[in-house]
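Take a look at the sequence and the 3D structure below.

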Amino acid sequence: MFEFDPSKKYQKTTKSRSVIRFQDCDPLKHLNNAKYFDYFFNAREDKVPKLYGMQMSEIYKAFDAIWVVYNHQIAYIKSAGMGEWVKIFSRIIWYNHNTLVVEYFMTDDDETELKTLLWTKLRYVNERGRSTTHPAKLVEFLSAVAFDDIDYEDIDFDMRVRQVKQEIANSAIKIF
């Protein structure tokens with residue numbers, strides 16, 4: 001389980017490299033729209049344990065609760081093509097007592113072109129599927145790893161797409 005170290009500076013953004021697989025593409029050799037979710041979720045699931053020493057299954061075991069998705073917002077900017085190498089980024093951009101928002105985005109391998117941006121909202125629920133409050137230990141984790149450079153409550157999704165495009169154009173993707 002994640003152990004917060006107040007003297008440590010935690011990486012706030014995960015970054016992965018992946019190749020677009022043939023079986024995930026449509027007849028036009030573009031990544032199928034639904035498959036973007038798989039690439040995003042798998043990349044985060046692979047990186048979080050390495051960065052924070054925590055598996056999602058550990059959260060459920062420790063607290064008898066887990067996050068479930070209840071909303072997505074996605075913008076498809078430029079297609080990812082079969083055989084293409086891409087970079088996948090993810091970060092928690094907002095949370096409160098029972099909800100969090102994870103931002104995912106995909107770029108080309110050189111990190112010069114935005115392909116897709118996704119916001120996923122998740123609710124923390126108990127084993128009966130009812131919304132519950134984040135325990136103090138999870139709030140400690142969220143405060144240590146959440147990316148706090150985005151004013152989520154004062155920005156809309158389309159504005160955020162423009163911001164990420166600008167960050168990429170300026171080679172200014174922040175990891176910490």
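## The sheet

In what sense do S1 and S3 pair, and over how many bridges? They pair in the antiparallel sense, over 6 bridges. Two strands count as paired if DSSP finds at least two bridges between them. Strands (E, at least two residues) and helices (H or I, at least four residues) are DSSP runs, numbered from the N terminus. Within this pair, Ser 16 stands opposite Ile 88 in S3.

This is a predicted model: local features need pLDDT of at least 70, side-chain atom pairs count only at pLDDT 80 or more, and totals for chains, interfaces and linings use all residues. Residues are numbered from 1 along each chain as its sequence is written, and side-chain values use heavy atoms, with hydrogens and water left out.

The open sheet has 5 strands in the order S1-S3-S4-S5-S2, with antiparallel pairing. Its edge strands are S1 (14–19) and S2 (65–76), and each of them pairs on one side only. From one strand to the next, the twist averages 25°.

## Helices on the sheet

Helix H1 (residues 35–52) packs on the sheet. H1 touches S1, S2, S3, S4 and strand S5 (114–126); contact means heavy atoms within 4.5 Å. The direction of H1 makes about 130° with that of S1. Axes are lines fitted to C-alpha atoms, for helices over the stretch in contact, and angles run from 0 to 180 degrees between N-to-C directions.

Helix H3 (residues 136–145) lies across S2, S3, S4 and S5. H3 runs at about 125° to S3.

## Salt bridges

The whole structure holds 13 salt bridges. Each is a side-chain nitrogen of Lys or Arg within 4 Å of a carboxyl oxygen of Asp or Glu. One of them joins Glu 103 to Arg 91, with the closest N and O atoms 3.3 Å apart. Glu 103 lies in strand S4 (residues 99–108) and Arg 91 in strand S3 (residues 85–95), so this pair ties together parts that are 12 residues apart in sequence. Both residues are buried, meaning under 20% relative accessible area, where exposed is over 50% and partly exposed in between (1.4 Å probe, protein chains only).

Arg 160 also bridges to Glu 103, at 2.7 Å between the closest N and O atoms. That pair links distant parts of the chain: Arg 160 is in helix H4 (residues 157–169) and Glu 103 in strand S4, 57 residues apart. Arg 160 forms a salt bridge with Glu 167 as well, at 3.2 Å between the closest N and O atoms. Arg 160 and Glu 167 are both buried.

A network of salt bridges links Lys 15, Arg 17, Lys 87, Asp 109 and Glu 111.
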